[in-house]
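Reader: I am new to this structure. Please show me how to read its features one at a time.

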Amino acid sequence: MKAARFHARKDIRIEDIPEPELRAGAVKIDVAWCGICGTDLHEFLEGPIFCPAPRHPHPLSHEESPVTLGHEFSGTISDVGEGVTGLAKGDNVVVEPYFVDGTCDMCQAGSYHLCRQMGFIGLAGGGGGLSEKIVVDARWVHPIGDIPLDEAALIEPLSVAHHAVARSGVKAGDTALVGGSGPIGLLTAAVLKGMGVTTIISELTQARKEKATSSGVADHVLDPSKENVPERVRELTGGTGADVAFECAGVNAVLDTMLDAVRPGAVVVNVSIWGAPATIDMQKIVLKEIDLRGTIAYVRDHPAVIRLVQEGKVDLKPFITGRIALEDLVEQGFDTLINHKDTAVKVLVHP
C-alpha cells in the first residue's frame with residue numbers, strides 16, 4: 001500500500017510498504033481522510049521530535065525512522081480482530097492515536113496522556129493515517145455515527161482544543177483571548193464559543209482572520225500588526241483584561257502578548273508545540289499571579305467531542321480549506337501550510 005514516510009528532516013517520501021496485518025484485540029481501518037497537523041510540519045522542518053530517530057526505537061512501538069505519518073484521521077472498519085466487541089465491519093470511526101504502557105504511575109492514575117513512555121500513532125510508529133490502511137487496538141477506536149468522514153478527520157484536533165479548554169477552568173460568561181487562528185486556535189475558539197465564552201482572536205494572516213470571522217467562532221478578531229492587542233483586550237473587557245488566554249502559535253511574541261493581555265490572577269494555557277525554547281518574562285507572571293499551564297493532547301475527550309459535533313454545537317465544515325491526494329502531500333500540502341499559510345487552514349489528505 002502507499003504511505004507517507006518520515007525519513008529525516010525535510011525528507012518525507014511516498015512509498016510502497018506492506019499492508020498491516022490484523023491482530024487480536026484490534027481492527028483494520030480503511031483510511032478516508034487524514035489532516036496535516038502543525039506537529040507534522042514541525043517534524044518536517046525541525047524533526048525528529050516525536051518521530052524516533054534512527055537507531056533510537058520508541059520503547060512501545062519498537063520502531064525507528066522511517067515511520068508512517070498521520071494522526072488526525074477518519075476511516076471505515078474493514079476487518080475486526082479476535083476478542084473485539086462494540087465495533088463492527090463497516091463502522092465509520094476516528095482514532096485516539098496513542099501508545100501507552102498501561103503500567104506507569106500516570107497510567108495507573110488514569111492520566112494515560114501523561115504516560116511515562118507515551119507516543120503517538122502516526123509519529124512514534126504503529127502506522128499512520130497518511131496511508132491506505134492501518135491496524136489499531138480497539139481501545140483507541142471511536143465510532144462517529146453519521147458525522148461525514150472528511151469532517152471527522154478534525155475530531156482529533158478538536159479533542160486537543162477541548163482538553164486545553166478544560167485545563168483552563170474557563171466558564172460561561174468569561175472572556176478568552178486566543179493567540180493564533182490556525183486549526184487549533186480556531187477549534188479552541190469553537191469550543192469556547194459553544195460554552196458561552198466571549199472569544200477574542202489575535203491573528204496576522206488574512207485568510208485566517210477571515211475564517212475566524214466567517215466561521216462565527218470569534219466575537220472579535222484583532223491584528224497585532226495594526227493594533228496593540230493587550231490595550232484592545234482591556235478596552236473590550238472594561239479595563240480588566242482577559243480571564244483566560246490560549247497560546248496556539250508557538251511564537252514568542254504571541255506568548256508575551258497573552259501574558260500582557262490577561263487580567264491579574266488569570267490563566268494562560270500553552271497549547272502549541274514549540275520548535276525551539278521560549279523566553280518568558282517571569283516578572284509578568286509574578287506581578288499578576290498568572291497561572292501558566294501546559295496541555296498535551298487529550299484524555300477521555302473524544303466521546304464528549306463527538307457528541308458536540310453530533311449535536312451541532314461545533315460545525316467543522318468551515319475549517320476544511322483543501323483536499324489533496326497522498327501523492328501531493330509535500331508539494332500541495334506541506335508547502336502550502338509552511339510557505340502559503342495565509343491561503344489555507346486545514347488541508348485534508350485522501351490516501
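**Reading the features**

Author: Start with Lys10, which lies in the loop between strand 1 and strand 2. Helices (H or I, at least four residues) and strands (E, at least two) are DSSP runs, numbered from the N terminus. The model is predicted, so local features need pLDDT of at least 70 and side-chain atom pairs pLDDT 80 or more, while totals for chains, interfaces and linings use all residues. Residues are numbered from 1 along each chain as its sequence is written, and side-chain values use heavy atoms, without hydrogens and water.

Reader: What is the phi of Lys10?

Author: About 60°, a positive value, although Lys10 is not a glycine. Lys10 counts as exposed because its relative accessibility is 58%. Buried means under 20% relative accessible area, exposed over 50%, and partly exposed in between (1.4 Å probe, protein chains only). Ala297 also has a positive phi, near 55°, and is not a glycine. Ala297 sits in the loop between strand 16 (291-294) and helix 10 (302-310), and its 9% relative accessibility makes it buried.

Reader: Which peptide bond next to Pro48 is cis?

Author: The one from Gly47 to Pro48, with omega near 5°. Another cis bond joins Ser65 and Pro66, with omega about 10°. Pro48 is in the loop between helix 1 and strand 4 (67-68), and Pro66 is in the loop between helix 1 and strand 4 too.

Reader: Which residues of helix 1 are buried?

Author: In helix 1 (residues 38-46) they are Thr39, Asp40, Leu41, Glu43 and Phe44. Their cover includes strand 1 (2-8), strand 2 (11-16), strand 3 (26-35) and helix 11 (329-339).

Reader: Is Glu156 buried or exposed?

Author: Glu156, in helix 4 (residues 155-168), is buried yet has no salt bridge. A salt bridge is a side-chain nitrogen of Lys or Arg within 4 Å of a carboxyl oxygen of Asp or Glu. Lys346, the nearest side chain of opposite charge to Glu156, is 6.8 Å away; Lys and Arg count as positive, Asp and Glu as negative, and His and the chain ends are not counted. Beyond four places in sequence, Glu156 has contacts (heavy atoms within 4.5 Å) with His71, Glu72, Pro97, Tyr298 and His302.

Reader: Which residues touch the most other members of the largest nonpolar core?

Author: A nonpolar core is a set of buried Ala, Val, Leu, Ile, Met, Phe, Trp, Tyr and Cys residues joined through side-chain atoms within 4.5 Å. The largest one has 91 residues, and Ile29, Val141, Ile155, Phe246 and Leu316 touch the most other members. A second, separate core of 16 residues includes Ala242, Val254, Ala261 and Ile290.
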